[in-house]
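Welcome! Here is a short briefing to read alongside the model.

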Amino acid sequence: MKISYELSNTYNINHEPFYAQVAWLTRDILDSYDGHWDWLQYKFFPNLKNGTRGYSFAVDYDSSQVVTTKRGIIPVHTLAGCALLKNEPEEKKLCCLFVDPNYRGQKIASKLIEDSFELLNTNKPLMTVSQQNLGMLQKLIDRYGFELTSVKESVYKPGIKEYFYNEGLAR
């Protein structure tokens, strides 16, 4: 398998087939963030067009699937992982980091984080992690020096703690 990375700080028509795969790829996030699909549809994708959102996609160019886009049903290469970003002057945030379980253990998440640093122009972006996902991400958090700045209860899901990293540290 050949994994390549597609990065952008704005909407890119050439990446549209990958946009169609993001909701399916990240569907497990609904377990810790009920509003994930609404966020994608009403915040993330619309704000790609004004340049306040960005992404890095890990794409398996040796695998393809059929997806439906505005242009119809087309075969596209498989989205193996993504980092979805908020890139505003007052907030540089790694909003979503997800790698398909079939592609884990191949350092894809590390590359997506490094791409995020490049796109956001900081190695200290804000990131929040649900207590449900903390164990899975702890090695990456430590490797890249994310600093725990607060822990809040019931931010995205009732009764679930959210760990905040790098609040106010983007530089």
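**A first look**

Strand β3 (residues 72–88) is mostly covered, with twelve of its 17 residues buried. Buried means under 20% relative accessible area, exposed over 50%, and partly exposed in between (1.4 Å probe, protein chains only). This is a predicted model: local features need pLDDT of at least 70, side-chain atom pairs count only at pLDDT 80 or more, and totals for chains, interfaces and linings use all residues. Residues are numbered from 1 along each chain as its sequence is written, and side-chain values use heavy atoms, leaving out hydrogens and water. Helices (H or I, at least four residues) and strands (E, at least two) are DSSP runs, numbered from the N terminus.

**Strands β3 and β4**
- β3 and β4 pair in the antiparallel sense over eight bridges; two strands pair if DSSP finds at least two bridges between them.
- The two strands form a hairpin, with two residues between them.
- Lys-86 stands opposite Lys-93 in β4.

**Ile-108 in helix α3**
- Ile-108 lies in helix α3 and is buried, with a relative accessible area of 3%.
- Leaving aside residues up to four places away in sequence, Ile-108 touches Ile-3, Tyr-5, Ala-58, Ala-80, Val-99 and Tyr-103 (contact means heavy atoms within 4.5 Å).

**Helix α4**
- In helix α4 (residues 134–143), the buried residues are Leu-134, Leu-137, Leu-140 and Ile-141.
- Seen down the axis of α4, these buried residues fall within an arc of 125°, so they line one face of the helix; the arc is that of the directions from the helix axis to the C-beta atoms.
- On the other side of α4, Gly-135, Lys-139 and Asp-142 are exposed.
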